[in-house]
Amino acid sequence: MGCVGILAACGDDGSALEDGGSDTGAGAGSAGSGAGSAGSGAGSAGSGASGAGAGPGGGCALEEETHSGEGTYYAADGSGNCSFPPSPGDLLVAAMNQTDYAGSAACGACIEVEGPVGTVTVRIVDRCPECLPGDVDMSPEAFAHVAAMESGRVPITWRYVGCGLSGSVVYHFKDSSNPWWMQVQVRNHRYPIAEFAVRTEDGQYVALARENHNYFTGEGLGEGPFTFRVTDTLGNVIEDAGIPLLDNAEAPGAAQFPACSAM
């Protein structure tokens, strides 16, 4: 079933993420889960200006603030608390510390990390419950861009940037989603997701609750098709109509958040 997307104009405020999160161990080569994969979808494609260093970043800073902490690495395989599937072809990923994970608000966001020997842009796909605020637990592939592997733990700074990607946003329905209960995850988004809402029969949008495992939960929303409204942390809004109810499957949207100019 097709869908219609409407992209609203972008605001100018890269608002901060909130609080929460958990699921990888910090430290050099520590066991834990991480990584993630962006879904693909039909619709408008766009990528930001290319950024410094390696990674999937669009080169557009979303905030003036620079965060400081320690960088470590762990055995990222492309899965983690953000509930993205394995991504063996995309391992420039990381787990965010418990505080900045923000109850999954950081999931799918890209950050540019600077370390002793270089810079890398990684996508947040997991949380690190024992990491202190400001810490980032990276895949070995990502850590190698910012420090010597034998260092294990190094001082870093980082900030949120736009993800350099193509294609539309994608809506993944959790298994067992049905007319009475469903969970939806937004994938392949350029900027962090601030709100996910569904239009009800009376034409009003109702924001769904964000879960710690990076899904939005709705109850009693019917058999669909649905109209979704997704808002990012810059104030950009995408509205997608005609999204079918699915079970452990995904539907592409028809638009992507626009690339922004570097600060």
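Is Thr-72 buried or exposed? I checked, and Thr-72 is buried, with a relative accessible area of 2% (buried means under 20%, exposed over 50%, partly exposed in between, with a 1.4 Å probe and protein chains only).

Ground rules first. I'm working on a predicted model, where local features need pLDDT of at least 70, side-chain atom pairs count only at pLDDT 80 or more, and totals for chains, interfaces and linings use all residues. Residues are numbered from 1 along each chain as its sequence is written, and side-chain values use heavy atoms, leaving out hydrogens and water.

**Thr-72**
I found Thr-72 in strand E3, residues 67–73 (helices, H or I, of at least four residues and strands, E, of at least two are DSSP runs, numbered from the N terminus). Its side chain makes a polar contact with the side chain of Asp-137 at 2.6 Å. A polar contact here is a pair of N or O atoms within 3.5 Å; within protein, one must be able to donate a hydrogen and the other to accept it, and residues adjacent in sequence count only if both atoms are side-chain atoms.

**Disulfides**
I looked up the cysteine pairs next, taking sulfur atoms within 2.5 Å as a disulfide. That rule gives 3 disulfides.

Cys-82 and Cys-107 have their sulfur atoms 2.0 Å apart. The S-S torsion is about -85°, so this disulfide of Cys-82 and Cys-107 is left-handed. Cys-82 sits in the loop between E3 and strand E4 (93–97) and Cys-107 in the loop between helix H1 (98–101) and strand E5 (110–114), so the pair ties together parts 25 residues apart in sequence. I get 0% relative accessibility for Cys-82, which is buried.

Cys-110 and Cys-163 are also linked, sulfur atoms 2.0 Å apart. Their S-S torsion is about 110°, so the Cys-110 and Cys-163 disulfide is right-handed. Cys-110 is in strand E5 and Cys-163 in strand E8 (residues 154–163), so this pair ties together parts 53 residues apart in sequence.

Cys-128 and Cys-131 form a disulfide at 2.1 Å. The link of Cys-128 and Cys-131 is right-handed, with 70° about the S-S bond, and both cysteines are buried.

Which residues does a cis peptide bond join? I found Gly-224 and Pro-225, with omega about 0°. Pro-225 lies in the loop between strand E14 (216–219) and strand E15 (226–232).

I also noted positive phi at Asn-188, near 60°. Asn-188 is in the loop between E10 and strand E11 (193–199), and is buried at 8% relative accessibility.
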